[in-house]
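Dear colleague,

I am passing on the structure we spoke about, and I would be glad if you could look through it alongside the notes below.

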Amino acid sequence: MELTNENVLGKIISEFGEENIRDAYSPDGIMTFTTNRETIIQLIKYLHDDEELQIRFLTTMCGIHFPDQKGSELCMMYQLHSLRHNYRLRIKVFMPASDPIMPTLTQVYATSNWMERETFDFYGIKFTGHPNLTRILNIEEMEYHPMLKQYPLEDQTREDKIDTYFGR
Amino acid sequence: MATEHKTAELTELEQFRKDHGLALHEEQQLTTLNLGPTHPATHGIFQNILQMDGEKIVDAVPTIGYIHRAFEKIAERRPFYQITPLTDRMNYCSSPINNMGYHMTVEKLLGITIPKRAQYIRVIMMELARISDHLICNSILGVDSGAFTGFLYVMQEREHIYDIYEEVCGARLTTNMGRIGGMERDLSPKALHLIGEFLKRFPKVWAEFEKMLTRNRIFIDRTTDVGAISAERALNYGFTGPNLRATGVDYDVRVMNPYSSYEDFEFEIPVGSKGDTYDRFLVRNEEVWQSLKIIEQAYKNLPEGSYHADAPHYYLPPKQEVYTNMEALIYHFKIVMGETDAPKGEVYHSVEGGNGELGFYLISDGGRTPYRLHFRRPCFIYYQAYTEMIKGGQLADAILTLSSLNVIAGELDA
């Protein structure tokens, strides 16, 4: 079976129902849709095990922060790849910043271990069931999650940093 | 193993061992060994806390992040063209590939098509970068197994590759090569001459290097079955690039999703079978030959035409026009100050980096900077399999495995 965005989406929706698979679009040719926390692991397992799809490679995953979307500020993006069919797929899960919990994917993909640690480090998303959810790139003692949009980089309008001290 | 009836009354030492998940063997003593972060044999800042049972590695806990520079965060504040210098600090052994990969991602977002000539020049530079990357990895593998000569010998050739970079973009290591929309200048006659010379000289050097190691009894014994991983595990761990191909999976982004006119060139994807250190060495060796083949084809068939796209909003105008032409001056100012807004969009683009699929996931909200830029760094992804690969082996094998994986600290920590 030749995989196209239409037939893959049709297959997924018939398996998981329209209420769980929403907002499908393809911004750059890669089909992107939104699902929820309850479905995501089952969905990725299904894509992995289905003999027709064979989407068995987790290319990458990352967090995204949208502070203006009230109630769904945080987003997890999973990008999968079927090496057999050369077909890529992107799945998003939105969650409120007050409840940053996601199920872990480590039992399906060993590679998600560090990616989840990185996302926890950057965005504070907690992965339930993760074998070792600690910070990976930043120091353990850090008290915030630096990629969240409320932490700006050095503010260019600061006045307490006098340029001559920094040779600029 | 302590006998069953004894476990009721554990000694203090046995209790300690039990608490720490160590075997209750009475004669067994585990040694904790700190490999790194600045051990000369790890070629970068990697720390591994090893649990050793004599010579055997029982467990390893890697610590990473020593040179984390928060590129993803910095990128959210910078105009698009100022992000290129961040990318070449990731895999600094093959920085042009990172630069071009990033440029192509932004071009995909902007919908710019690049002229054939620029694409061919990019291919030449990317393949030179791949050669210099594999050349370091394989010769370092020689050094770690006791053959120092080959390393210095091929290092000289890397120097020649850097001379070509210098002629093309002015820099050597962190190249910042090309621009969004093409190359910053055409290949000069000198650059063409240097590439031609390189193509003539390098095959002999590489054949000699290969001759020294490929059928070398000591080297084969030292690397066969060391740090092996099965194809299934490798895919589960997200391996890409030469390390995946060494296990027998022929996944190459250049063939699967051709970019920058790779579909025009004839080349093969070498694959291994066992996924051990020797296979990784062979795959990289063969890839160097394939890269040479690609460069030769691109060099011979270099099309005529412009070396950059007609994209005045993003591509800096020539300096003489800035001084004489009002529009060019405006564009120059707007580009340098980062005042040009990119369209809204979301793109993923990947290139075959030195170590595997180097991906860029870019979300633009229509502003002057990316809203989110995520790098898929192959090193970060496959280095987590390192623990599994060295367990049960010896310390010296762990060093060889690390260098054959070609983990680059800059890319690992970004």
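This is a predicted model: local features need pLDDT of at least 70, side-chain atom pairs count only at pLDDT 80 or more; totals for chains, interfaces and linings use all residues.

Chain B has an average pLDDT of 89, with 94% of its residues scoring at least 70. The stretch to read with caution is residues 1-7 of chain B, where the pLDDT is below 50 and where the model shows four contacts beyond near neighbours in sequence.

Turning to the interface, 37 residues of chain B and 45 residues of chain A take part in the contact. Between them the two chains bury about 3,500 Å², and 58% of that area lies on carbon and sulfur atoms. On the side of chain B, the residues that lose the most area to chain A are B:K73, B:E346 and B:Y371, which together account for 19% of what that side buries.

Several elements of chain B give two or more residues to the side that touches chain A, among them α2 (71-75), α9 (231-236), β5 (357-365) and α18 (409-413), while β4(B) gives the most, with four residues. By type, the residues on this side of chain B comprise 17 nonpolar, nine polar and eleven charged.

With best wishes

Technical notes: Residues are numbered from 1 along each chain as its sequence is written. Chains are lettered from A and ligands numbered from 1 in the order in which they are written. Side-chain values use heavy atoms; hydrogens and water are left out. pLDDT is the predictor's confidence in each residue, from 0 to 100. Contact means heavy atoms within 4.5 Å. Buried area is the accessible area (1.4 Å probe) that two parts lose on being put together, summed over both. Ala, Val, Leu, Ile, Met, Phe, Trp, Tyr, Cys and Pro count as nonpolar, Asp, Glu, Lys and Arg as charged, and the others, Gly among them, as polar.
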